[in-house]
Amino acid sequence: MALGAADSEITCAVRSRTREQREDLLGRRLPRTAAVIDINASAILRQFIGGRGHYWAALRGTLTPEQKSALGDAGGPFTEAPVVTRDAVQLTPEDEKMLDVLAADGRAGLVALGAAADLTPGRASRRLQALLRRRVVHVDVEIAAAALGFHARAHLWLRVHPSAVKSVGRALAQEPGIAFAAAVSGPYNIHAVAHCRDLDELFEYTSDRIGSLPGVQSMEISPLLQQIKQAGTLMSGDRLSATPSHSRR
């Protein structure tokens, strides 16, 4: 969640466990919130990059192979994938208990997961690996980009010719300055998040690298004024808060 300098003042990503939760948030709770004038909602249709911060191309070479392995490197870098699998995963009561522990502490070990779900560490490990394979659980590393010198961050909303959505999305996934890119519904069919050192670099980057991609018809740049919350952690200035937000992701 962030405060923006153009178009919508507040942007955020929403993940709901059920359709009812999503409809309640977007259809009732947010519209009834004081000072909310308008809501624009888009569905993510295909994610091209994002969700594994230690594979952000701008940080290539920062971590050693051993450090990346400790962060869950076994599955390789994030690859293009559907947002929702066709075959729904049926969570067991044990899965739910493990997910509750991971929502509170993403670094929880197998002993803690097994104890919460009344499983042995070995069984907890096998179930966790199954959830990782089915993308119910994913490894994410949250990074305070501003603390690393990336002070100009912006949402990019691109209008792309329908036949070029895949090629542009895949090209964005290879760009060091892009930390997230996805095909979305609505008047703009690609949304991306760019991180640059300053506004001049953002201008050069979006003009020369992004604007020149074949198929891009127009682009709106919405600089971020303040990052309030990342995927699961509140921000304190330009740093990750010492007190994480314990919402399930």
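This is a predicted model: local features need pLDDT of at least 70, side-chain atom pairs count only at pLDDT 80 or more; totals for chains, interfaces and linings use all residues.

1. I39 sits in the loop that runs between α1 (19-29) and β3 (44-49). Its relative accessible area is 32%, so I39 is classed as partly exposed; the buried class would need a value under 20%.

2. Together with V14, L26 and V36, I39 makes up a nonpolar surface patch. The accessible area of these four residues together is about 250 Å².

3. A patch of negative charge also lies on the surface, where D198, D200, E201, E204 and D208 gather. One of its members, E201, belongs to helix α7 (residues 199-210). E201 has a relative accessibility of 33% and is therefore partly exposed.

4. Salt bridges: the search over the whole structure returns four. One of them pairs D24 with R29, with 4.0 Å between the closest N and O atoms. The cut-off for a salt bridge is within 4 Å, so the D24 entry should be read with that value in mind. D24 is partly exposed because its relative accessibility is 25%, while R29 reaches 52% and counts as exposed.

5. R127 and D95 form another salt bridge through their side chains, at 2.7 Å from N to O. This pair connects distant parts of the chain: R127 is in helix α5 (residues 121-133), D95 is in helix α3 (residues 93-104), and 32 residues separate them.

6. R209 is partly exposed because its relative accessibility is 42%. E175, at 9%, counts as buried.

7. H151 deserves a separate entry. H151 lies in the loop between α5 and β5 (152-160). With 51% relative accessibility, H151 is classed as exposed, because that class begins over 50%. Which residues does H151 touch, leaving out those up to four places away in sequence? They are A146, C196, R197 and D238. The C-alpha atoms of H151 and L202 are 9.9 Å apart, and the two residues are 51 positions apart in sequence.

8. For the chain as a whole, the protein has seven helices and ten strands. It has 249 residues, of which 35% count as buried. Among contacts with a separation of 6 or more, 67% are between residues 24 or more positions apart. The protein exposes about 15,000 Å², and carbon and sulfur atoms supply 53% of that area.

Conventions:
Residues are numbered from 1 along each chain as its sequence is written. Side-chain values use heavy atoms; hydrogens and water are left out. Patches are made of residues with over 30% relative accessible area and no salt bridge: like charges are joined within 9 Å, nonpolar side chains (Val, Leu, Ile, Met, Phe, Trp, Tyr) within 5 Å. Accessible areas come from the Shrake-Rupley method with a 1.4 Å probe; for residues, only the protein chains shown count as cover. Lys and Arg count as positive and Asp and Glu as negative; His and the chain ends are not counted. The place of a charge is taken as NZ of Lys, CZ of Arg, CG of Asp or CD of Glu. Helices (H or I, at least four residues) and strands (E, at least two) are DSSP runs, numbered from the N terminus. Buried means under 20% relative accessible area, exposed over 50%, partly exposed in between (1.4 Å probe, protein chains only). Contact means heavy atoms within 4.5 Å.
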